[in-house]
Amino acid sequence: MSKQDTTPLRELKHLSSQRKKRKQRLMEHPPAMSKEQISAPMLMCSELYVAAFEGRTEEITGLLAGTRSSHTTTARNGRRSPAGRANAVHSGHCCTTREVTPERSTLLHIAAGQGHCDLINELCLRDSDLLSSANSSLDTPLHCAARAGHADAAEAVVRLARYGVEEDRLEELVSGRNDTGDTALHVAARHGHGGTVEALMKLAPELAAEVNGAAVSPLYLAVMSGSVSAVGAILGYRDASAAGPMSQNALHAAVLKSSEMVSLLLQWRPSLAADLDSNKSSPLHFASSDGDCSIIEEILNHAPPSTAYLQDNEGLSALHVAAMTGNGAALGLLLRFYPASARIRDNHGRSFLHVAALQGHSSVVSQVKKNRMLENLLNQQDREGNTALHLAVEAGEYGIVSKLLSTRKVQVHIMNNAGHTPADMIEKSAGFYSMVRLVVTLYGYGPQFRPQRQDLVKKWSGQDLVKWRVATSKNLAIVSTLVATVAFSAAFNVPGSYGSDGKANLNRNHMYNAFLVLDTIAVTTAVMATILLVYGRASRSNNSWLGFIISMHFLWLSLLCMMLGFFTAIAATSDRKSTSNALYRVIYVGLYFLIMLLTSLAMPGSLVGVLRLLLGRQHHLKRRIKQQYPFAVVYAFNMLLFIVINNIALASVDITGNLGLAYVH
């Protein structure tokens, strides 16, 4: 604590008497000033501003007394100094305490903002009216001290105001507001200055009950700043306001900040947990969306039981919010405290499982699977008759579909109010891959379509596949042409070069012969792919799809042969076993990870699901799928073929690598 804090009452009275004597002397011998200077504020001279900013009290005293004036200061060369030019506005008169900066800040504003307590005392002795002066933003010196976090300066301003201004002006000064409606406590709390907040709370604790122009309390601002000490200081006042924007309270903000502040607020006023904002969201809604279980548990331990059942404007409970954001741990904690909250439905009649399925959060579905008390939610319908499976299929969340169906308790034949089963919702898929994955996933569990005349079944039209094929064919044709060009040029730039007779030097080398075979295959397949792609773009017949698929396999085979050809060429020209071994491992590992990545990205579900779709005996169901989703079966078959080709390629790399290493050895 500063010395000013422990100044005895008699010293304050002595300062007050000195102030009165000095004011009387100034009134008896006022400095000569023009009428314009009296009526209009004088712009602060540079020397006075710098001295106030750096807290040079003696220099300011001299400038104000006229004993150290720089108004006529000249440089050695006879020219006026910058300070002298800047102070020309004084017209030869002494500096005064009423000079202001362009934003109308006085010397006391500057001193308070920099925390110069000695200068604050001196200025207030000379002119006590400075205490209540306001700049263009309506900030008083107390605001400036609070904004900068100078607790001792704020205390000095308030202490001097108690003995320098009238009683009716003292309250106005302490609780003064700037143009945004902030008091000094608001400003200190906004910037997280805990020490300044503590000092202001000791001097004027009633400020904690005030809100600013945006209806925000100092407590809410202290929470937003993250200052635990500031929050603790304000909570010492029983009637402090916790109001925040949009009808929130400080606890709404604290749950997203720290558990320590949450504990302080709940111990101070437990009823904050039941307050609702403009969206009718409680602090528990906020905590559930964030997923911090320690904060959720703290709220549940202090809040009344009804808090867990509160619903927002959309009818969402805290459990819905946890499910919607996929916070499985938070959801489990809420269910452990209040298992009956699982029966809450939102305005659409949806349970937390519905919203989790719609958002694709599999962890929530896993918890429902493990909890016998929640089994009734698996087939529960919302107001439109949709189960969680309906919504998951409509959203294209095939992972959720698979997890729901794996429980063996989800009924696939339930129709919604529009007469659609979950399988019928596949037609709403907007993406091709999403549609195929859903078909493959559902097929293994015997999906049922709504009864319908077969001649009225329309092919899936969620995506314009013709336009997609045409655009893709153009890009693939460019790639295949480049591959064919590279492979063709490699045949005339063979490894080992040519001899004087025009024949290859490595003509009888086994690896060289393997290179020629692979390069020939690469050229042939790349040319075939280019021809099929060009033909497919020119043709609009149904057979063009078959050509497009075959061209993709040719192109992939060409790329694989180029990679193998690269290794055989290196092996044929290398005489170091370590080099060939390293190259072989790099190519094999790189190709393996590439194939695994492509397979995982393009695979429509599990391999078992693909085999079920291709080899399954549900002829009626497969006929319906082929009629409505013909490309699903074709795609599944090509993925199986892709896996076979890739395994052959990996085996070829392995065999070629071993042969190359054996040959080098």
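**Figure 1. The lining of the largest cavity has nine nonpolar, no polar and no charged residues.** The model shown here and in the other views is predicted. About 40 Å³ of space lies in this largest cavity. The residues around the largest cavity are Ala423, Ile426, Leu438, Val439, Leu442, Tyr443, Pro447, Phe449 and Ile625. Helix 25 contributes the largest share of this lining, with four residues.

**Figure 2. The second largest cavity has a volume of about 30 Å³.** Leu284, Ala308, Ala318, Leu319, Leu334, Tyr338 and Ser341 form its lining. Sorted by class, six of these lining residues are nonpolar, one is polar and none is charged. Searching the whole structure gives two cavities of 30 Å³ or more.

**Figure 3. The second largest pocket holds about 600 Å³ of space.** Its lining counts 20 residues, and those closest to the pocket centre are Tyr433, Met552, Ala602, Tyr635 and Met639. By class, 18 lining residues are nonpolar, two are polar and none is charged. Five helices each supply at least two lining residues: helix 25 (432–443), helix 26 (465–490), helix 28 (543–573), helix 29 (577–602) and helix 32 (630–664). Helix 28 gives the most to this pocket lining, with seven residues. Helix 25 supplies residues to this pocket and also lines the largest cavity.

**Figure 4. Helix 6 packs against helix 7 at an angle of about 160°.** Helix 6 covers residues 107–114, and helix 7 covers residues 117–126. Their axes lie 9 Å apart. The angle makes helix 6 roughly antiparallel to helix 7, as angles over 145 degrees count as roughly antiparallel. The crossing of helix 6 past helix 7 is left-handed.

**Figure 5. Helix 21 packs against helix 22 at an angle of about 140°.** The helices span residues 352–359 and residues 362–370, respectively. Between their axes the separation is 8 Å. Helix 21 and helix 22 are therefore oblique to each other. Helix 21 passes helix 22 in a crossing that is left-handed.

Figure 6. In residues 180–212, the end C-alpha atoms are 7 Å apart. This span is 52% helix and 0% strand. In residues 384–417, the end C-alpha atoms are 6 Å apart. Here the content is 47% helix and 0% strand.

Definitions and conventions: Residues numbered from 1 in each chain as written. Predicted model: local features only at pLDDT ≥ 70, side-chain atom pairs only at ≥ 80, totals over all residues. Heavy atoms only, no water. 1 Å grid on protein atoms, 1.4 Å probe; cavity = no way out; pocket = protein on both sides within 12 Å on 5 of 7 lines; lining within 4 Å. Points joined across faces, edges and corners; volume = space filled by probe spheres on them. Nonpolar A, V, L, I, M, F, W, Y, C, P; charged D, E, K, R; others polar. Axes fitted to C-alpha atoms, helices over the stretch in contact; angles between N-to-C directions. Parallel < 35°, antiparallel > 145°, perpendicular 65-115°, else oblique. Left-handed = near helix turned anticlockwise from the far one by under 90°.
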